[in-house]
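Please keep the structure open while reading.

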2 protein chains.
Amino acid sequence: MPCPSPEFIHSLQALLGDRVSQSEAIRAHHGHDESCHPDALPDVVVFPESTEEVQAVVRLCARFAVPMVPYGVGSSVEGHTLAIHGGVCIDLSRMSRIVAVDAEDLTATVEAGVTRVRLNQELRHTGLFFPIDPGADATLGGMASTRASGTNAVRYGTMRENVLALTAVLPNGDIVRTGSRAKKSSAGYDLTRLLVGAEGTLAVITEVTVRLYGMPEAMASAVVNFDSVAGAVDTVIQAIQCGIPVARAEMLDALTMSAVNRYSKTDYPERPTLFLEFHGSEAGVAEQSLLFGELATANGGGEFVWSTRDEERNRLWQARHNAYFAGLQLKPGSRCIATDVCVPISRLAECIEATYRDLEEEGIDAPLFGHVGDGNFHLMLLADPNDAADMARMKAVNHRLVERALAMDGTCTGEHGIGIGKQRYLAAEAGESALFAMRAIKRAFDPDNLMNPGKIFSLAG
Amino acid sequence: MPCPSPEFIHSLQALLGDRVSQSEAIRAHHGHDESCHPDALPDVVVFPESTEEVQAVVRLCARFAVPMVPYGVGSSVEGHTLAIHGGVCIDLSRMSRIVAVDAEDLTATVEAGVTRVRLNQELRHTGLFFPIDPGADATLGGMASTRASGTNAVRYGTMRENVLALTAVLPNGDIVRTGSRAKKSSAGYDLTRLLVGAEGTLAVITEVTVRLYGMPEAMASAVVNFDSVAGAVDTVIQAIQCGIPVARAEMLDALTMSAVNRYSKTDYPERPTLFLEFHGSEAGVAEQSLLFGELATANGGGEFVWSTRDEERNRLWQARHNAYFAGLQLKPGSRCIATDVCVPISRLAECIEATYRDLEEEGIDAPLFGHVGDGNFHLMLLADPNDAADMARMKAVNHRLVERALAMDGTCTGEHGIGIGKQRYLAAEAGESALFAMRAIKRAFDPDNLMNPGKIFSLAG
């Protein structure tokens with residue numbers, strides 16, 4: 001695709017003044033993400049401050065046939081924001097207004113550039129919170145676009161369940177509001193759910209209306225370690241099946257725990273471990289924890305260290321959130337191929353065991369951790385980016401892992417998205433007919449293929 | 001559109017043998033539904049028994065350019081199954097196999113013709129249940145197609161949240177499986193949520209994979225009546241805001257209670273009344289009920305009649321499910337214009353009050369009841385179908401009610417769907433740009449407009 005013409009750049013400047021940048025540093029920042037994919041710089045970065053400005057930018061891009069890539073904070077791990085066809089990066093970080101908090105209705109509407117931590121700060125005085133927590137302090141627009149989830153999803157669902165309505169600019173420049181603040185609706189096609197997870201290929205999301213939850217009366221955290229990963233996983237599966245409404249259930253394997261201890265200066269036993277959280281009334285939290293502890297013991301769990309102290313809980317989740325960075329330190333200079341399979345929970349233990357056997361046969365050490373209550377886990381395949389054979393070997397492990405998950409009626413990506421890195425698995429997972437339908441939707445919305453082109457799928461096929 | 005040709009009928013017969021009917025009685029049965037819309041008969045009704053047979057029928061319809069209408073049990077209240085352009089009615093009732101119950105994963109896969117009561121009968125020995133309950137014993141395929149919900153949605157969500165995956169036949173004859181049995185996925189466009197609520201206009205759903213839930217350890221029902229509708233509504237709103245996880249919270253107004261007593265031979269006080277249900281542990285259910293009862297008292301509630309007896313609970317919900325039929329008896333010979341607005345719960349009391357004022361000014365008696373925990377209620381506007389002025393007056397009340405709901409950022413339909421009857425409100429609710437996007441999807445999937453044509457929107461606009 002052609003470089004943007006001077007006329008196009010002048011038009012952008014006429015619109016946004018100095019909120020248009022072609023500087024190398026700005027372009028480099030926006031052409032890089034947390035993934036192992038090579039950097040790909042946009043030709044120009046714009047910083048709109050309203051839906052109407054986004055609309056004007058989209059109309060300009062349409063008129064000049066320039067690709068556009070929506071951008072939040074760049075925390076994607078599958079290359080979603082890389083400008084692989086150049087064009088305009090639409091940085092939404094200045095769209096950071098809290099539009100409305102409707103405490104009585106348990107909803108909030110925010111501009112797409114508001115991050116989840118910021119939203120929760122704003123909510124602090126209301127007694128409400130927004131639970132979805134992918135680890136990174138991502139924007140709500142970005143989280144909607146990748147259908148993000150994270151540690152709380154086992155209890156509160158993902159962005160799929162927690163976005164009520166969106167405001168978005170379509171590739172033709174139309175502004176749509178999908179959905180309303182009603183809790184449910186049967187009015188026509190579910191455009192909200194179509195744009196959630198569309199990775200910016202169908203529209204630029206500019207506002208997000210989300211569900212909020214009352215801050216639980218009591219929160220407790222717990223840590224318990226096991227002889228084996230299977231014991232930890234089985235405990236969580238049984239808890240889910242018993243209906244214990246666990247709020248967080250994260251498994252970290254022995255290697256991950258060792259990396260965590262080194263990185264976060266903690267002294268947890270370096271064994272397969274569950275990090276847990278329970279929400280409810282004082283009595284409810286105690287009841288849940290007691291039941292969970294009994295299941296853990298029955299599955300070979302050690303001491304069940306339980307606490308309702310905020311400091312203890314924060315220390316735990318800080319350590320968990322840093323597990324990715326801790327893992328990276330195991331092999332300095334490496335890049336991480338982050339796997340993201342999700343399988344029905346009845347197959348989870350088997351999927352993890354087969355993956356360990358594969359690692360053992362390959363002689364690879366890779367930290368494994370994840371959201372076991374959802375059947376979703378991540379394997380950190382640490383590869384030397386300058387060693388093609390090493391990269392290929394790691395990718396082959398991921399390939400076999402995805403095939404294993406699909407054979408178990410799972411998905412290649414529980415929460416990271418397809419982006420660039422998982423396109424070859426989408427056809428295997430969804431099937432050619434479903435992929436054909438997805439492409440038909442893309443063509444209907446974006447016939448000139450200008451909105452985040454080359455993500456999810458190519459249109460050549 | 002033309003009548004099906006003899007050649008087309010012969011092709012259907014070659015495919016399905018005697019499972020092709022052109023009999024007047026069969027056509028009349030399939031050309032009638034629970035709505036107030038005039039009957040519209042298909043030219044022919046077919047009874048496929050597998051996804052492959054549906055595929056073959058769809059391919060024939062595509063080849064001969066014959067409209068097709070998917071059909072479950074005909075319980076739609078917005079004319080979804082009426083063959084307004086003639087063609088083939090695809091009756092899925094013989095696709096009634098339980099494909100799989102995966103108790104460990106809390107999922108079941110069933111053919112589209114399985115009804116919710118049948119599914120729950122099959123689940124009885126597993127300790128699991130499927131909660132979504134729209135009142136009628138609808139098929140899972142039909143419930144998915146209208147994005148149905150009902151009395152349990154306040155706790156368990158709607159079909160939107162509870163369908164994990166679908167098998168469906170697209171207008172081009174392709175079979176797609178959308179989604180997997182993984183609890184979450186970020187793999188590409190959410191075709192599952194696109195087909196849920198598409199009212200059969202984008203595909204014929206042939207299999208549905210749904211979430212199941214563990215049967216709660218304890219269930220309690222309760223009834224409490226109030227001086228005013230506002231007291232009842234405020235109690236529910238406060239309970240939701242306090243985080244009481246009420247499983248059902250239905251409000252029936254005084255007129256509805258009087259109709260219910262007459263129809264179901266009950267002797268409830270004829271005052272605004274809440275029918276409630278609580279799910280949880282023994283202690284949890286008692287705690288929830290206690291809290292709820294306190295809120296009721298604070299809002300002018302009378303005696304809080306609480307029970308964990310199954311018979312009491314069943315009697316309550318049978319009476320609630322029959323409220324529609326009870327209401328019809330208030331004006332024998334009438335047809336019901338069933339309204340279905342849903343508003344943010346903070347606006348619900350105001351919406352209901354303004355509606356009562358409208359009814360009073362018009363001198364209309366109309367039962368009002370609904371799923372107040374969701375902000376969704378139904379007004380039964382009983383009109384004499386032979387009195388055009390009466391019909392027009394009732395439709396005008398509905399029109400003003402929808403406008404009121406939309407002004408409150410609500411929806412014209414919480415659970416019934418657009419069908420034929422609410423098309424004129426869809427543009428007002430979704431906006432022209434969103435409607436344009438919906439039509440673009442329809443055209444991309446079904447360029448010849450053969451799949452349930454004329455439902456949700458016309459393609460002329």
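In this predicted model, the contact draws 75 residues from chain B and 75 residues from chain A. Together the two chains bury about 6,000 Å². Carbon and sulfur atoms give 54% of that area. Three residues stand out on the chain B side: B:K184, B:S186 and B:Y189. They supply 16% of the area that chain B buries against chain A, more than any other three residues.

How are the copies related? A rotation of 180 degrees superposes chain B on chain A, with 0.0 Å of shift along the axis and an RMSD of 0.0 Å. The two copies are thus related as by a two-fold rotation axis. Both copies use the same surface, since 100% of the contact residues of chain B recur in chain A.

The table gives their packing geometry.

| Helix pair | Angle | Axis distance |
|---|---|---|
| α14(A) (residues 348-362) and α15(A) (residues 388-407) | about 155 degrees | 10 Å |
| α9(A) (residues 229-241) and α11(A) (residues 282-298) | about 140 degrees | 9 Å |
| α16(A) (residues 423-430) and α17(A) (residues 432-445) | roughly 115 degrees | within 6 Å |

Take α14(A) and α15(A), which pack at about 155 degrees. Angles over 145 degrees count as roughly antiparallel, so α14(A) is roughly antiparallel to α15(A). The crossing of this pair is right-handed. From α14(A), the contact uses A:C351, A:A354, A:T355, A:D358, A:L359 and A:E362. From α15(A), A:R393, A:V397, A:R400, A:L401 and A:R404 take part. By class, that contact has five nonpolar, one polar and five charged residues.

The pair α9(A) and α11(A) is oblique. α9(A) and α11(A) also make a right-handed crossing. On α9(A), the residues in contact are A:T235, A:V236, A:Q238 and A:A239. They meet A:F292, A:L295 and A:A296 of α11(A). This contact has five nonpolar and two polar residues, with no charged ones.

Last, α16(A) and α17(A) cross at roughly 115 degrees. A:L426, A:A427 and A:A430 make the contact from α16(A). A:E432, A:A434, A:L435 and A:M438 make it from α17(A).

Definitions and conventions. Residues are numbered from 1 along each chain as its sequence is written. Chains are lettered from A and ligands numbered from 1 in the order in which they are written. This is a predicted model: local features need pLDDT of at least 70, side-chain atom pairs count only at pLDDT 80 or more; totals for chains, interfaces and linings use all residues. Side-chain values use heavy atoms; hydrogens and water are left out. Copies are superposed by least squares on the C-alpha atoms of residues with pLDDT of at least 70 in both. Contact means heavy atoms within 4.5 Å. Axes are lines fitted to C-alpha atoms, for helices over the stretch in contact, and angles run from 0 to 180 degrees between N-to-C directions. Helices (H or I, at least four residues) and strands (E, at least two) are DSSP runs, numbered from the N terminus. Angles under 35 degrees count as roughly parallel, over 145 as roughly antiparallel, 65 to 115 as roughly perpendicular and the rest as oblique. A crossing is left-handed if the near helix is turned anticlockwise from the far one by less than a right angle, and right-handed if clockwise. Ala, Val, Leu, Ile, Met, Phe, Trp, Tyr, Cys and Pro count as nonpolar, Asp, Glu, Lys and Arg as charged, and the others, Gly among them, as polar. Buried area is the accessible area (1.4 Å probe) that two parts lose on being put together, summed over both.
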